[in-house]
Amino acid sequence: MKSFSKNARRITAAAIALLLQQAVATPLVFPYNFRTATKTISVKSVESTVERGSAIVRIQPGDSLTQIAADYGVRVKSIMWATGIKKDQLKPGMLVRVPLVAVVENNITKLPPGVFVHEVESGETLSTIARRYGLSIIELISANPYTSSLDRMKEGDRLFIPSAQRGLIVKIKPGQDLVSLAEFYGVDVGQVAKANNATLPSDLSEGDYVLLPGVMAEGTLEALNTRRQNEIENRKKRELLERYQRYLVFVKRKKQQQYERYLAFLEEKKERKAREAELAKQQAIEEARQQAIAREQARKAEARAAVLAKQRQQQQAALAQQARAARRSTSKTSVVRTSFDSKPAASTGFQWPMRSFTITSGYGRRGFWIGSSNFHTGVDMGAPTGTPIYAASSGRITASGWGSYGINVFVSNGNMRVIYGHMSRTAVQVGQYVDRGDLLGYVGCTGICTGPHLHFEVQIGGSHVNPYNYLP
Ligand SMILES: [Zn+2]
C-alpha cells in the first residue's frame, strides 16, 4: 500500500491486532477534553441538555473568541450569548462562559493538541468528512483507529479530526506510556513528546489519547475493508446456510409426511386384517352354531325314533296280549263283574268306571265281529240304560256329545285320552276338569251298538292301549 507522507510508517501486524483488540474492547465513546496552550480545563460531566454545564475561561492576551470557540468545539455566538458580550468587548483577564453540550467523562483524559472532535451529521461519510477537513481517508482513519465499520457511521458518531500533525491516535492502556508506545510503533520519543505537547512522559497517562506522528493505520483501512468484505461474505454464507437449513426443514417435513403416510398405510393394513379376522371368527362361530343345530336335530330325531320304537314295541306287546285275551274271550265271551275294587290301582290311579257291569267284549282281536274292525280298541261293559258312569281317572273334558262312539266323553290328561262311548246322555261339558269318581254320564246304546253298554278305551299319544294295564 502506498504511503501518504514521507514520514508515514507501516504498522506491523501485531500493531493492527492490538488496535483491533482495543477497538473491540473499547466502546466507541469519545471523551471530550479541551486543552489550550496555557491550561487544561476540566469540566463536570453533563448528562442531559437540562443540566448542560459551562466552562469559565479567563481571557489571555492574544485570545480570540473564534479560537476559544474552536478549542471548545462550540459556536462563537453561543459563548457571546452565554456570557452576554459582543465580539469586540473581549479583553485579557476577562471571564467568559463557554456553554458545553458534550458529555464529559469524570476521569480526565487528554486529546493531543490540534485534535478536535467532529460529530457526524446526516448523510456524511468517511470520504466527505475527510474532504471537508482536507484529510486523506487513511489520515482520518489513522486518527480514528477504533472505528469498527466504514459502513456504519451514523449521525452523532464522533470522530477525531487532526488539524495540525497527522498520525495514529491511540488511547493509553494500563502499563503503557509515551515511551513504550513510541518504541512499539517505531517512532522517535522526542517527536511523540513534541506532537503531544508533553515535556515529561508522565504528562500523559492511562486513558489519554496519544498522537503518533507519521504512523498511518494502513492496516486498519485494510482491516476495515477486509472486515467489510468478510461481512458481505458472511452474509452470503449465512444466507446460503439459511437456505440450506430451509431445505433441510423441507426435506425433513417431506420425510415426516412420507413416514406418516407409511404409518397410516400400516394402520390401515392392520385394521383390514383385524376386520378379516373378526369376519372369519364370526363365520366360524356361525358354522359351529349350524353344526350344533344339526347335531341337536339329529339327537331329537334319534330320540323320536327311540320313542317310536319303544311305542311300537309296547304296541306289539299289547297286540300279543290282546291276541291272548281274544283267544280267551272267544272261549268265554262275557265276564260278569258284580263287584269291583273300590280302591284305585296303585300304579296308575285308575278305578273302574261303573259299580256293576258285565264285560261283554275285551280289548284286542275278535275275528267274529262281522261288519266292524276285527280289532276291539277298548273294553265293553254291559249295564242297564241309565246306569251312572264315573271317571276312571282325572283330566279335562275334551269331548262331550255325539262323536265316533255315539254320545261319548273324552277325558284327556297329558298325552293320555280316556274314551267313554255309547252313552244315553252326558253329565259334563267340554273344558271342565273332573276328578276320578266324578259323574260323567249314563249308559246307553247310541252309535253303532247292539245293546246298552259302555265302551271304555285308553289312548296314549293317539294310539289305543290295553285298558287292563291301567285298571285295578
Ligand atoms: Zn266297544
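The structure is a predicted model, in which local features require pLDDT of at least 70 and side-chain atom pairs count only at pLDDT 80 or more, while totals for chains, interfaces and linings use all residues. Residues are numbered from 1 along each chain as its sequence is written. The chain comprises 8 helices and 21 strands, where helices (H or I, at least four residues) and strands (E, at least two) are DSSP runs numbered from the N terminus.

**Overall fold**
- Of the 472 residues, 28% are buried; a residue is buried if 20 or more other C-beta atoms, placed from the backbone, lie within 10 Å of its own, exposed if 12 or fewer, and partly exposed in between.
- Among contacts (C-beta atoms, placed from the backbone, within 7 Å) with a separation of 6 or more, 69% join residues 24 or more positions apart.

**Nonpolar cores**
- A nonpolar core is a set of buried Ala, Val, Leu, Ile, Met, Phe, Trp, Tyr and Cys residues joined through C-beta atoms within 7 Å.
- The largest such core has 31 residues, of which Ile 389, Tyr 420 and Leu 454 touch the most other members.
- At least two residues of this core come from each of strands S13 (379-382), S16 (406-413), S17 (416-426), S19 (439-443) and S20 (453-460).
- A second, separate core of 29 residues includes Val 187, Val 192, Val 210 and Val 215.

**Strand S8 and its partner**
- All 5 of the 5 residues of S8 (residues 209-213) are buried.
- Tyr 209, Leu 211 and Pro 213 point one way from S8, whereas Val 210 and Leu 212 point the other way.
- S8 pairs with strand S7 (residues 167-171) in the antiparallel sense over 5 bridges; two strands pair if DSSP finds at least two bridges between them.
- Val 210 in S8 is the bridge partner of Val 170.

**Ala 143 in helix H5**
- Ala 143 belongs to H5 (residues 137-143) and is buried, with 25 other C-beta atoms within 10 Å.
- Leaving aside neighbours within four places in sequence, Ala 143 is in contact with Val 115, Phe 160, Ile 161, Pro 162 and Ile 169.
- The C-alpha atoms of Ala 143 and Val 215 are separated by 9.7 Å, although these residues are 72 apart along the chain.

**Helix H6**
- In H6 (residues 178-185), Leu 178, Leu 181, Ala 182 and Tyr 185 are buried.
- Those buried residues fall within an arc of 100 degrees seen down the axis, so they line one face of the helix; the arc is that of the directions from the helix axis to the C-beta atoms.
- Val 179 and Glu 183, on the other side of H6, are exposed.

Notes
Contact = placed C-beta atoms within 7 Å.
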